[in-house]
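Biologist: Could you take me through this model step by step? I have not seen it before.

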Amino acid sequence: MAGANGVGKTSLLRMVCGLAPIESGQILWNGKSIHAQPDAYREDLCYLGHLNALQESLTVNQNLAFTTALAGNAPDPVQIREVLAHFGVRGRGEQLVRHLSQGQKRRVALSRLALSQARLWVLDEPFVAMDEAGVRMLANLIASHLGQGGLAVLTSHQQVDIGTMPPQMLELRA
Amino acid sequence: MNARVIHWFKFASPQNFYVLAGRMWPWFATLATLLAAVGLWISFFVAPTDAQQGEGYRIIFVHVPASQMSMFIYLVMAAWAGFGLAFNTRLSGMMASALAPTGALFAFLSLATGALWGKPMWGAWWVWDARLTSELILLFLYLGFLALQSSIDDPRRADKACAVLALVGVVNVPIIYFSVKWWNTLHQGASVSLTKSPTMASTMLWGMLIMVVACWMYAITIALLRVRNIILERERHTEWVKHALE
Amino acid sequence: MKKLGMLSVMAAVLRREVSVALRQKGEVLTPLVFFVVVASLFPLGVGPESALLLRMAPGVLWVSALLAAMLSLQRLFATDYTDGSLEQMALSSTPLGLLVVGKALSHFLLSGLPLVLMAPVLGLQFGLEGRSLGILMLTLLLGTPTLSLIGSIGAALTLGVRGAGVLLSLLILPLYIPVLIFGAGAVEADAAGLGFGGHLSLLAALLVLSAFFAPLATKTALRISLE
C-alpha cells in the first residue's frame, strides 16, 4: 500500500485488523466478514504497527514469552533465543527493553513475526528507520512467509524487493 | 413488510430526523405549556390545603414529577445507548446526549425542591432518607455521563463510551437503590420520609399526574430541540447542513 | 508448539503484571501509603475522642481503602495503551474478556490485598478490637476484588482522555457505593449484635455479579478506546 503521509494508510490497516470501525463496505477473510468471525480471524492475524508493544520495565525474554502466551502457545526459550540471534539482537534476552537502543527495540518487535504462526501479516511501515542489513533481513523473512503460503499487507515509502513474488500494489490518494 | 421497515429506518438518518424533529417539537411545546399551566393552577388553587402540612406541601407537585422524570429519562437514555451500541446508528447516541442534560436538571430540581419542602417540614435542609440519597447518586451518574461526554473529543467515540457508561449505570441503579435503603434502615435514619404522604385528595393526584405529563412534554420538546442542534454540529461538513444554515 | 489453556494465559497476564510491579515497587507502595495518610486525616479532622473514632472506624477505613484502590486504577491499562501492548492484546486470539479478568485480578493482588493486610493496623489506631478487625478484613477481602472489577470499567472508558484521573473517580465512585455500604455496614452490624452474615453474602453477590458483567463492559470500552 503506497500513498503520501496522512492519506490514511494506517487507518486502513487498522480497519483491516478490525480495530477501527468501517463506515461502508466489508473486509472479508476466507469469504466471510472479519466481524462475523473475530476469533478465527485473530488467530490468523499478526499486526505490527508504529508502536513496538514492548513493556519497558520487562526483559526481552519476558516480553516475547508474553507474546507467545497471548497467542495461546507455550513459550519456547530455545526458539526465542534463536529468533533473537537471527534478528541481530543475540544475547540480549535478559536485558530490560528500556536499556536497548531504538533500533534494537524495533528488531525485537519484528521478531514477533518470526514467532507468530499467523497466516496474515499486517505491517505498518516496517522498513522505516532500519539499516540496509535490517531491510534485507526483513524482506527475506516476508519472502519466506509468502513462500509458505502466507499473506502480507504492508505500507511503505520505499521500494523494497521482496523475493520473486510480484506484490499487488494499492495506491491511496486523498 | 419490506416497505414498512424501510419507512421506519428512514428516520435513523440524522438528516431526516432533523426535519421530523423540526416538525414535531412545536406540538410538544404547546402541550407542555398547556398542561403545565393546568397542573400548576390545580396545585396552587384547586388542591385543598393539607391538614398537617399547610401550604408548603404544594411543592410536591414539582418534586414528585421531577424525581420520576429523572429516573425515567435515565432509562430512556440507557435504552438509546443500548440501541446505538447494538445497531451502530449515529442518531441513537445523539438522542442519549440530548436527553442527559435534561435528566440532570430534573434530578437537581428534585433535590432542590426536596430541600425546600424539608426545611419548613422537618427543620432541616437535607435528610439522608433513602429516596433523596438515591436521587443524589443519580445526579452523580448524570454528571459522570456529561463529564465523560465533554472530555472525549471524537463525538463517535464519546457517544459509544457514554453508551457503555449509561448501560453500566442503569444496571447499577437498582443495586444502588437497594443498598441505600438497606443503609437507611440499618441506621434507623430519619423517620421522616418524603414519600410518606397520607391519603391524597383526588385533586392532588390529578394535579400530580398532569404535572408529570407536562414534564414529559417538556422533556421531549427540549430533547428534540437539542438533538437538532447536535445534528447540525456533528454533520456540519455535509451538504445538506450547509444548505440548511444558509 | 505446545498449546496453552485459558488459565495458563491468565497466569501469564498475572506474571507479567507482578513482574512489572516488582520493578516499579514505588507504584505499588504509594497507594498503600495514601491509605494510611488518608485514614489518619480523619482523627485529625474530628478530634481524638475514642468513642467517636470507634464509631467512625469502619466507614473511615472503608472509604480510605476505596480511594486508595482507585488511585492505582488509572495505570491499569494506560501504559499498555501508550506502548501498543493493549492493541496487541485486543488482536490476540485470547478473548479480551479473559485478559481483563487477569488484569483486574492482578490489580486486586497488587493493591487490594495490601490494603486488606494494612487495615487491621489502622483499625487498632481507631480502637477496633479483634473480632471487628477480623470482620473488617473479611469485608475488604470480599470487596476489593469488586472494586478492581468495577474500576476496570472506568479505567477502560477514560483511556487517553483529558483529565482521566479525576474523571475516572467521578465515574466509578457512585458505582462503589453499594460495596461501601455493605462492607462498612458489616462491622457496625456485628458490633450492634445484628450479625454480619447478610452483609457478607451481599458482598459476595456483588463480587459474583461484577465478575460476570464488568469484564463485558470493560472489554467493550477497551475496543471503543482503541478505535
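This is a predicted model: local features need pLDDT of at least 70, side-chain atom pairs count only at pLDDT 80 or more; totals for chains, interfaces and linings use all residues.

Modeller: A word on terms to begin with: helices (H or I, at least four residues) and strands (E, at least two) are DSSP runs, numbered from the N terminus. Residues are numbered from 1 along each chain as its sequence is written, and chains are lettered from A and ligands numbered from 1 in the order in which they are written.

Biologist: Is Asn88(B) buried, exposed or partly exposed?

Modeller: Asn88(B) counts as partly exposed because it has 13 C-beta neighbours inside 10 Å. A residue is buried if 20 or more other C-beta atoms lie within 10 Å of its own, exposed if 12 or fewer, and partly exposed in between, with C-beta atoms placed from the backbone.

Biologist: How many helices and strands are there in chain B?

Modeller: Chain B has 8 helices and 0 strands. Of its 246 residues, 42% count as buried.

Biologist: And where is confidence lowest in chain B?

Modeller: The lowest confidence in chain B is in helix α1 (residues 2-9), at a mean of 55, and the highest is in helix α5 (residues 130-151), at 93. These values are pLDDT, the predictor's confidence in each residue, from 0 to 100. Chain B averages 84, and 88% of the residues score at least 70.

Biologist: Turning to the chains together, which pair shares the most contacts?

Modeller: Chains A and C do, of the 2 pairs of chains in contact. Two residues are in contact if their C-beta atoms, placed from the backbone, lie within 7 Å. Chain A and chain B do not touch, and their nearest C-alpha atoms are 10 Å apart.

Biologist: How many residues of chain C are in contact with chain B?

Modeller: There are 22 residues of chain C in contact with 23 residues of chain B. On the chain C side, α7 (130-157), α8 (164-191) and α9 (197-225) each supply at least two residues, and α8(C) gives the most, with 11 residues. By class, that side has 17 nonpolar, 3 polar and 2 charged residues. Here Ala, Val, Leu, Ile, Met, Phe, Trp, Tyr, Cys and Pro count as nonpolar, Asp, Glu, Lys and Arg as charged, and the others, Gly among them, as polar.

Biologist: Which residues does Gly185(C) touch?

Modeller: Gly185(C) touches Trp183(B), Leu186(B) and His199(C), not counting residues up to four places away in sequence. Gly185(C) lies in helix α8 of chain C and counts as buried because it has 25 C-beta neighbours inside 10 Å.

Biologist: What does Val164(B) touch in chain C?

Modeller: Leaving out residues up to four places away in sequence, Val164(B) touches Leu157(C), Ala217(C), Thr220(C), Ala221(C) and Ile224(C).

Biologist: Last topic: where does α9(C) bend?

Modeller: α9(C) bends by about 35 degrees at Ser210(C). The bend at a residue is the angle between axes fitted to the seven residues ending there and the seven starting there.
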